[in-house]
Amino acid sequence: QEAGDQPFGAGPLTVTPVPLQHRVPCCGYALHLPRAGRFDTARALAAGVPVSLWGRLQAGEAVGGFTPDQVLGPPRRGLTVVYATDTSPCPALLEAARDADLLCMDATYPDDADRDKARLYGHATCRETGALAAEAGVRRLWLTHYSAAVTDLEPGLAAARSQYPGAVAGTDGLRLELDFDKEDEPT
């Protein structure tokens with residue numbers, strides 16, 4: 001897949017290539033898992049939908065002459081993960097990362113003293129990565145793609161946290177389970 005290509009699906013997941021700013025053509029990816037609207041029991045009963053079909057309709061399947069839009073409310077916030085290595089901060093990445101649940105982004109250089117080198121080679125400083133995450137309003141930020149010269153992640157992490165306090169230094173084996181928002185769930 002090349003930057004500029006159309007989004008493609010992998011089951012319910014939509015994968016959108018994002019053109020990045022690097023010294024050679026490069027793209028990142030925005031992965032989005034949509035979430036259907038809340039099942040509306042009153043609408044289902046009013047439409048005469050048999051209870052035996054509710055689960056299939058809630059899963060997005062048209063069945064028995066009924067369609068999901070007859071029983072589901074408006075779509076709810078899904079989950080979005082943006083993965084972008086080999087890039088300087090750029091408008092396309094900022095837009096793709098807007099409100100993402102997780103941004104995994106190039107943080108090659110820990111110190112802004114290397115900003116000219118970062119520009120030359122198409123990478124980001126840790127502070128720039130934190131600034132882009134803050135501007136995009138991401139929920140979580142993982143720094144990644146460190147320079148081979150980096151032996152201590154703490155200085156770069158501190159630089160990123162100066163802009164985005166919740167930044168995490170991505171390391172081998174780092175894992176996270178993302179959940180859909182619970183704010184619209186009944187209590």
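Predicted model: local features only at pLDDT ≥ 70, side-chain atom pairs only at ≥ 80, totals over all residues.
Strand E4 covers residues 76–84, and E3 pairs with E4 in the antiparallel sense over 6 bridges. If you now follow E3, residues 27–35, you will meet another partner: strand E2, residues 13–19, runs antiparallel to E3 and is joined to it by 6 bridges. Here Val 15 is the residue to look for, as it stands opposite Leu 31 in E3. E3 therefore has bridges to E2 as well as to E4, where two strands count as paired if DSSP finds at least two bridges between them.

Next, let us turn to the backbone in two loops. Most residues other than glycine have a negative phi. Asp 99 is not a glycine, yet its phi is positive, at about 65 degrees. You can find Asp 99 in the loop that lies between helix H3 (91–97) and strand E5 (102–106). Its relative accessible area is 49%, so Asp 99 is partly exposed; the exposed class takes values over 50%.

His 145 is also worth a look: this residue, again not a glycine, has a positive phi of about 60 degrees. The loop that holds His 145 sits between strand E6 (141–144) and helix H6 (154–161). With a relative accessibility of 30%, His 145 counts as partly exposed, because that class lies between the 20% and 50% limits.

Definitions and conventions. Residues numbered from 1 in each chain as written. Heavy atoms only, no water. Helix = DSSP H or I, 4+ residues; strand = E, 2+ residues; numbered from the N terminus. Buried < 20%, exposed > 50% of the residue type's maximum accessible area, 1.4 Å probe, protein only.
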